[in-house]
Amino acid sequence: MIKHVLCFLVFLHAFHQTHAVQYTVINKALSTSGGVAFRDKIGADYAKQTLDSATQFIWRVLQLNNPGDRKNVQKVTLYVDDMDGVAYASNNEIHLSGRYVGNYQGDVKREITGVLYHEMVHIWQWNGNGGAPGGLIEGIADYVRLKANYAPSHWVKPGQGQKWDQGYDVTARFLDYCESLKSGFVAELNQKMRTAYSDQFFVDILGKSVDQLWNEYKAKYGNLP
Ligand SMILES: [Zn+2]
């Protein structure tokens, strides 16, 4: 009996090792005040924990429950760079601006946590094989950030914005509305985007065109389309 339990534990350990994602943080901006601010106010250990928490959260929200549902990503590296802007993701790397960290006014740890959630979505989300609108890609990333309660206070309120694929907070709020019409909508949309993209996906999932959904969304908040 004991032997069987031990065998099972060894199996579990090996299973976990195989499927675990490895996180590395490299601070290339330590000679700048922003790089030092990252080290002192956020730190590599917290950043790695946050990347891991973000991954678990994204897998849950986007319902990437099995390895077969997900990209085959084994290692994600976060670089703190001396650069302009905020952050970007490419090739399983996240690049964070040390200048942004150093200049941020307010709760920088919470802000960077939200930024890392957003960038980590880019690591895991499908992009319609390159065919999805950039605004939708950014909207899904901010939708997950919203659901994780890391939306900054300066974001637009629900019902605001000019078009559904404007991106970022505007599209995130719209996707949240679509999600309210059918639980799991964003996960289903992302799954459909694995191999291609079409606006028809909104019709397939919700029975209405994306333009009609946008108009009804605007109307709900008293904004005429
Ligand atoms: Zn983004």
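The model is predicted, so local features are described only where pLDDT is at least 70 and side-chain atom pairs only at pLDDT 80 or more, while totals for chains, interfaces and linings use all residues. Residues are numbered from 1 along each chain as its sequence is written.

The protein chain contains 10 helices and 4 strands; helices (H or I, at least four residues) and strands (E, at least two) are DSSP runs, numbered from the N terminus. Along the sequence they follow the pattern α-β-α-α-β-β-β-α-α-α-α-α-α-α. Taken along the principal axes, the C-alpha atoms fill a box of roughly 60 × 55 × 30 Å. Of the 225 residues, 34% count as buried; a residue is buried if 20 or more other C-beta atoms, placed from the backbone, lie within 10 Å of its own, exposed if 12 or fewer, and partly exposed in between.

Strands of a sheet pair through backbone hydrogen bonds, either parallel or antiparallel. Here the 4 strands form an open sheet with mixed pairing, in the order β1-β2-β4-β3; two strands pair if DSSP finds at least two bridges between them. At the edges stand β1 (22-27) and β3 (87-90), each of which pairs on one side only. Strand β1 runs parallel to β2 (residues 75-81), to which 6 bridges join it. I26 stands opposite Y79 in β2.

Helix α3 (residues 44-61) lies across β1 and β2, running at about 140° to β1. Such angles run from 0 to 180 degrees between N-to-C directions, and axes are lines fitted to C-alpha atoms, for helices over the stretch in contact. The axes of α3 and helix α5 (residues 108-124) come within 9 Å and cross at roughly 55°. That angle makes α3 oblique to α5, because angles under 35 degrees count as roughly parallel, over 145 as roughly antiparallel, 65 to 115 as roughly perpendicular and the rest as oblique. Residues in contact have C-beta atoms, placed from the backbone, within 7 Å; among those of α3 that meet α5 are L51 and I58.

Finally, D199 lies in the loop between α8 (185-192) and α9 (200-206). D199 counts as partly exposed because it has 13 C-beta neighbours inside 10 Å. D199 and D165 are 34 residues apart in sequence and 11 Å apart in space, C-alpha to C-alpha.

Definitions and conventions
Two residues are in contact if their C-beta atoms, placed from the backbone, lie within 7 Å.
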